[in-house]
Each structure stands twice: as structure tokens, then as C-alpha cells.
Amino acid sequence: MRIRSIHVKPNLPDVLVPLKDIAMNVWYSWNWDAVHLFIRLNPVLWEQANQNPVLMLGMLSQEDLDRAASDDSFVASLGRVHEQFQRYLKATAWFQEAGHDPDTQVAYFSAEYGLDEGLPIYSGGLGVLSGDHLKAASDLGLPLVGVGLLYQKGYFRQMLNLDGWQQESYPDNDWYNMPVHLEHDADGRPLTVSVEMAADQVVARIWRVQVGRVPLYLLDTNVPENPPHLREITSTLYGGDRETRIRQEIVLGVGGVRALRALGLSPTVYHMNEGHSAFLGLERLRTAMADHGCDLATAREYVSATNVFTTHTPVPAGNETFEPSLVQRYTQPLLSQIGLSFGEFLKLGQVGDGRPEGFGMTVLALRTAGFSNGVSQLHGEVSRKMWQGLWPSLPTHEIPIHAITNGIHTRTWVSHDMADLLVRYVGPRFVEKPWDFKVWERVEGIPASELWRTHQIRKERLIFFVRKRLLAQLRHQGAGPSALRAAEEVLDPDALTIGFSRRFATYKRATLLFHQAERIARLLSDEERPVQILFAGKAHPQDIPAKDLIKAVVHHARDPQLRHRMVFLEDYDINIARYLVQGVDVWLNTPRRPLEASGTSGMKAAANGALNCSVLDGWWPEGFHSDTGWAIGNGDAFKDDEEQDRVDAESLFHLLEGEIVPLFFDRDAHGMPRGWIEMMKASIRKLGAEFNTHRMVAEYAERAYLPAHAFGARWSGDSLKGAAELARWRARVTQAWSGVSVRVDQEPQREVRVGESVTMLIRARLGRLEPHDVAVELVHGPLDPAGHVRDGQVARAEFVSSEGDEHVFRVEVRCRSTGRYGFAARVLPRHDDLLNPLTPLLLNWE
């Protein structure tokens, strides 16, 4: 049977046509006035459509539409919002005002994007961060395009049975009723790309989601040209077996690069957000060789200089690896085209420390990017230690994995009530110029009574939402009448409300509070100073221990003594997250340090006035101050997990019982918790100004994107001659490196006074190299008890003269501390066009 299809669109009256423009651009998701338009049309349908404006427009009756068209007030509001939308699209922003190169174009690759609840192609924090990255790039005017996959079933929907066990369902997404456009070629046919993998030729359609000024292109293999097993490639996010995963990552990386070319785009910088897209380097090598007629070595210089990589997890399971035989089968067609042997390619994906290992996507990305970073200062340190095997002779603190701390897109996550308050007292620049972080200082001027009233309004809305969701949840589970009646009265608007929601994994320790059951029971059953806790989160379908944690929390929440003060909300998504961070008093975070790369939920809560209580992990060591929240423990990490849990649980209860609860209920004559409100102000002011994606994306632009673009632009404008010269230089240096050595010629005097300088001569044998080919350096600093230089500083030595087959260099260093001070000479290659002189590493020590 042959079925033909047509696309049926809503029949909007002429005055309502601007609604389509707004609905098809995710800009609406961070503009409350736009969202409110759709709520005004029909608030019940808005919820039924999962807050998806495109679907809602198709669900509205003609009566609803005609009523809105005849409502002067609604039409006027629509006109104002549409004018605001058009003005936003045309306005100049930070990137233009700063005078940055307009030819810059960044391609941002991510396996998932959390843009809005109505577009469920995300699983959690990585996707939400990617979505916030695009939104901030749009606000900043940064020329950036996103690339990802369009998952037919997205991530799973979570359902809990009566015993609290997580079950998963995978409903299909209907792209024709979502803010997604299908791209077409000049002849009006769907635009596709093909990718060869193993023995198959995979076809993928290209769709577009418009995120303000930034387009997000998504590839979809569910097309008639593909056989069933290939149509399933983009079926589910993080689903399937190892073959499915490697197919997904080849479509994302290789197919994504081809999709951009098919669209006529020529990005100058490629950002791999996590290692899932690291295969893009192969396609970039192929296109560079074809476009410029260059060899593989030249293409590698160009591609690595213009690649950026962000690693997001210190958890080994989060760093994707594949069996080498599987990688060979799927990449061999492309490797053959560029003349790269699989043996050489395999080396790019392995640490090579002698231990058995698979092919690591994180390792591949680290080896093929000119700039790499972790997502908090602590995560940068952890990543440098974790991947030290790639730079075995380099001091850990010098390993070229930098740190750019994550942030949030503030207007997406701050409630409209809080946003109105901020605009009223901080000023319109909060909306018009979100990159002006000085405006946050004005938070101090917000009257305490107004801040508290706004927060209480959001808490009341949260409790109403929780009761409604819990009732639906229990009805679906088949709960009895008594449980349903209890759900209607659960939670207290006057209670101290603690939120804990995130992906459930064992290291996040969701059950830490229950390590001392009697103490948590006392806190939650106290009638004079009531405390209540809200939980939400999903476990990966294959993570049985994490599912057990959810079950344990649900069982605690059903304890008759606690159930009116504890709730677990099923099917955690952006909508639930938004209600929680906008309404709780305290945001709780209990990861086992240092396994949290960053975490952003606490940032969202802080921007709404909640106070964080967290282990000093991820972003919190940077965000914690005595007036912004509380630190669980002092940052110590124990080798024994049970001991760690015992110590951290004790610290948490000490804070709750001795500081948090007393401060919250310390009220003045007007019932206001003045000390608490002062901390709310400090938290909003300090953390809101720092932990936002406008700061984050601007930092990526200035530290990674613009330097990479400058290198690429200089080379590509001359047919990669500069890259070819660098490749030849690198080959010459590598071949001659075994003949390079250094030694200190002049020993320093045995004792000096602090602050005095020491001059040293270093002799270098360079073989066939010249002094300008190398950097001779002295690493110096205090010695630890083992005799190693601790956090050494690097001083570059100056070339003085040549004496026979030796070259003399001189360096002067200042001794800045007392005690034992150490020096070590070294030599490494030096070239003006080396964006990252430490990758790959050539380094000889004395």
C-alpha cells in the first residue's frame, strides 16, 4: 500500500499570523511575554501540548482563534511581542560591539540539546548546557551554528510502578508539530547527505531549529532510502548497542560536517562538546585535502588548530570507548580516502601507556584539538590528572587542558516573577545587554520585603504544581483513595523546602540524607520548624544501582511519618526542573568529590534566590562564599566510600540542624527572615553575575574560538601554505629530536635570600636544529618533601651564543619563597604558528 502525505497547517486569521513566526523560533522559551501569549489563547491546551506552541496552534479550535483575533488587547500584545522579536533578530550585540572578526563562524557539535520541554531531544545536564550555549551565542551575536541528531523517540519517559521501580517508554516525536523545519535543496526536495560506514551508505535528512539568531541543524536517518537497521540510528538518545552508538557518532561527526557543506556554510572553527562528535576530524581532513590540494600532514595542522574540545566528565563510564575492530570496520572507508592507516588512527584514540585499552573518543578529541578544556576549575585539575598519560613527561599543572566554568542562560531559568523584579531594580540592561555583569551589583537595592514576597509566590506555585503532578502520578500507578487524598495536602508553603533533582547515579548519593534515618525523620516531622524535601531524576535504563536509589527514595517518601513532607516526582524534564529551581529555598547537592564535573542546577536555583548546600565539587568551590550558601565537608576525599558517606552525612546534618533551619526560621516582628534574605541577595548578586552562559560563551570566544579562527584564516587565505610549512618544520624537528639535549652549565649558589634573583646558563645540543627551532626553559619553584618542584613556574631562557656543537642560553629567576627551591632545565620545539606547543608532546629534560 502506498501512502501519500501532505502537511496540514493551522488556519490562522491574518492578525494572528505573527504567532507562527514566534512559535517556530525557540526565542519564545526565554521570553515570558511570548509564552504568555500562548497561555492566554487557551491555558488548558498549553499544558496538554506540553508547552509546545507549534502543537498548540494546531490544537486550537477555530472558535479560540477567532476570539483571539477579535480581542484588541491580545492583538496589541501580539504586535508588541512580534516587534520585540524582530528587533532582537536585527540588533547588534556583544560580538559586534567588541569589534571581533565578522568572518568568524563556529560550528558547535553536541549529541543532545535541551532547548525547551516541547522539543525532547535531551537527557540531562549536557543537553541543557548545549541549549543554553546556543541561546547565549544568539544573545551575544556570536556567529555560531549548532549541529546534532534528531532522535525520533528522544530520551525515555520515566514511569514508576507502585514499588518505586523505574520503567521506561519511548513515544515517537512528531516533527511536523514541533518547532523544527525540514531543509530543502534548490529543487524543493529535502536536503540530504550520505555517509559511508562499514558496508553501508547511510542517508540523513537535515532539519533546522531556530534558536534566536542561531540555527541548530539536526540529522535524521529515519528516511525511506535507508533500510530498517539504518533508520534506527537516530531512534533514541544514548540507546541501542555498541554498533548503534558508533553509527550515531559517525553520523554526528562526519555527517554533521557534510551537512554544513550541503547548506553552503563554511565554519572556521569546530567545537566538539564532549567526545561523541570526535569523528568529525576525519571528514575535516578529507575536505581540507580536497579543497586545498594538500597532503595529510598539512591538513592535520590546519584541522587541529581550528578544533576546540570540551570534556564534561571525570567518570570513566562517561568517556566513550569502542572496540578497535569495530572502529576499524566503520572508519576504514574514510581512512582509505585520506591515506591514514588504521594503525596510525588507533594511536590517536589510545593513551598508549601499555595497558589494554579500547579506542577512546575523549582521547581522540584531546589529540586532535588545538584547545581543550574542562567545565570548572576543579574539573580542569581532575582532567589534567586523569589524562596525564597523554603528556607523560609534563608536570600535571602544565597539561594543556584548560578550564572554562559552565553557566546557565539566566532568562531561561529565572522565573518571570523574579525577572520582573530584577528588571525593576537592576534595570533594562538585564534584558537588553545580558553581557553587562556590573548590573548585578544593583541587586542590593531590592527591598527585602519584595524579594521575599516574590520568592514565596514561586514556592506556592511550586507546591500547587507538585500536588497536581503527584496526583496524576499516583492515579497512573493505581494508588488507593487514601494516597490520593494525602497527595492533595502534601507540602507546606511555610516550610523550609529543599530540592534535589538531577540524573540519578550512585556517585551523586541521592540517599545521603537517609544515612541517619532518625535525624532526617526529626527534621521532617518538626511542627514548629517544618522541613520538606522534593526529589526528581531519571536513571539510565541500564543503570540498575541508580534505579535502586530511586526506589529507595520513593519508599522513604511513602513512610506515613514522612510522606506529607517528602515527594519524588517522576519523569524529570525541563518543566519540572524549572519549577523546582524557581521555588525551593535550599538546593542540595551531594556528589562524591571529585566526580561532579560542574553541575548547573545549583546555578539555576541561585539565580532565583535559593541557597546552595553542596559538597565542594564541580562549580561550588568557585561559587561558595560564607554569604552565598553552605559547604558540606571541607573538600577532603576519602579512599573508603563508606567513610566518605559517614563524614559527609554528619556534616550535612550539622549544617541543617545548626545553621540552615535556625536561620530560615529566625524571623523579625513582620515575619521576615532578615538574615536569610541577605544571603539570598548575596547569592543572586555574586553567583548570577558569574555563573551564566553569557560569561561562559564570551570566554570560549576570546580564549578558544577567536584564536583558532585567526590561525585558520591566516592559513586558508594562502591555500594552507603556512600549515604546509609548519607540517614540514614539525617533520624535520621530530626526525631530529633524538639528538636534542640540555644541561645546566652554571650551578646556582647554594644559598640566596628570598626575593633575590639567580642567573643560570643552560647549554643545549640541537643536532640538526637551530636555536630558533626550540624553547629552552627552566622550571623552578619550592620543593616538596619528595624533592619534586611543586607548582613550578616556567622561565624562558634567552639565546646567547653558539660554541661548537652547543648553544648557550641564559635565564634569570627570582626566588619568591623561603625553604628548598628547585630548578630543572628542559627543551621543547618552538614555532610562531604552534597554537598548542604541547600536543603532540616533544620534551626533553636535563
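**Cavities, a sheet and ring pairs**

User: How do the residues lining the largest cavity divide into nonpolar, polar and charged?

Analyst: The lining has five nonpolar, three polar and two charged residues. Here Ala, Val, Leu, Ile, Met, Phe, Trp, Tyr, Cys and Pro count as nonpolar, Asp, Glu, Lys and Arg as charged, and the others, Gly among them, as polar. This is a predicted model, in which local features need pLDDT of at least 70 and side-chain atom pairs count only at pLDDT 80 or more, while totals for chains, interfaces and linings use all residues. Residues are numbered from 1 along each chain as its sequence is written, and side-chain values use heavy atoms, with hydrogens and water left out.

User: Which residues line the largest cavity?

Analyst: The lining consists of Thr-410, Arg-411, Phe-430, Pro-434, Asp-436, Phe-437, Val-439, Trp-440, Asn-692 and His-694. A cavity is a set of points, on a 1 Å grid over the protein atoms alone, where a 1.4 Å probe fits but cannot get out; lining residues have an atom within 4 Å of a point.

User: What volume does the largest cavity have, and how many cavities of 30 Å³ or more are there?

Analyst: The volume of the largest cavity is about 90 Å³, and the structure holds four cavities of 30 Å³ or more. Volume is the space filled by probe spheres set on the grid points, which are joined across faces, edges and corners.

User: Which residues lie nearest its centre?

Analyst: Arg-300, Leu-348, Arg-367, Arg-730 and Pro-840 do, out of 48 lining residues. The lining of this second largest pocket divides into 29 nonpolar, ten polar and nine charged residues.

User: Which helices each supply at least two residues of that lining?

Analyst: Helices H11 (280–292), H12 (296–305), H14 (342–348), H15 (361–368) and H30 (721–736) each do. H30 gives the most, with nine residues. Helices (H or I, at least four residues) and strands (E, at least two) are DSSP runs, numbered from the N terminus.

User: How many residues of H15 are buried?

Analyst: Seven of its eight residues are, which leaves H15 mostly covered. Those buried are Met-361, Thr-362, Val-363, Leu-364, Ala-365, Leu-366 and Thr-368. Buried means under 20% relative accessible area, exposed over 50%, and partly exposed in between, with a 1.4 Å probe and protein chains only.

User: Next, the sheet. What is the order of the strands in the open sheet?

Analyst: Its four strands run E21-E22-E26-E25, with antiparallel pairing. Strands E21 (741–744) and E25 (798–803) are at the edges with a single partner strand each, so one side of each has no neighbour in the sheet. From one strand to the next the twist averages 30°. Two strands pair if DSSP finds at least two bridges between them.

User: How many bridges join E22 to E26?

Analyst: Eight bridges join E22 (residues 757–765) to E26 (residues 806–814). Arg-763 has Val-808 in E26 as its bridge partner, and Ala-764 stands opposite His-807 in E26.

User: And over how many bridges do E25 and E26 pair?

Analyst: E25 and E26 pair over five bridges, in the antiparallel sense. Glu-803 has Glu-806 in E26 as its bridge partner. The hairpin of E25 and E26 has two residues between the strands, and Gly-804 there takes a positive phi near 65°.

User: Switching to aromatics. How many aromatic pairs does the count come to?

Analyst: The count is 29 aromatic pairs. Rings of Phe, Tyr and Trp (its six-membered ring) pair if their centres lie within 6.5 Å; planes under 30 degrees apart are stacked, over 60 edge-to-face, and the rest tilted. Trp-27 and Phe-85 have ring centres 4.9 Å apart and planes at 45°, so that pair is tilted. Trp-27 sits in the loop between helix H1 (18–23) and helix H2 (32–41), and Phe-85 in helix H6 (residues 72–90), 58 residues apart.

User: Are Trp-27 and Phe-85 buried or exposed?

Analyst: Trp-27 is buried, at 1% relative accessible area. Phe-85 is buried as well, at 3%.

User: Which residues do ring pairs link into a cluster?

Analyst: The cluster contains Trp-452, Trp-630, Phe-664, Phe-665 and Trp-676.

User: Last one: where is Ser-376?

Analyst: Ser-376 is in the loop between strand E13 (371–374) and helix H16 (377–386). Ser-376 counts as buried at 0% relative accessibility. Its C-alpha atom is 9.0 Å from that of Trp-620, 244 residues apart along the chain.

Methods: 1 Å grid on protein atoms, 1.4 Å probe; cavity = no way out; pocket = protein on both sides within 12 Å on 5 of 7 lines; lining within 4 Å. Axes fitted to C-alpha atoms, helices over the stretch in contact; angles between N-to-C directions.
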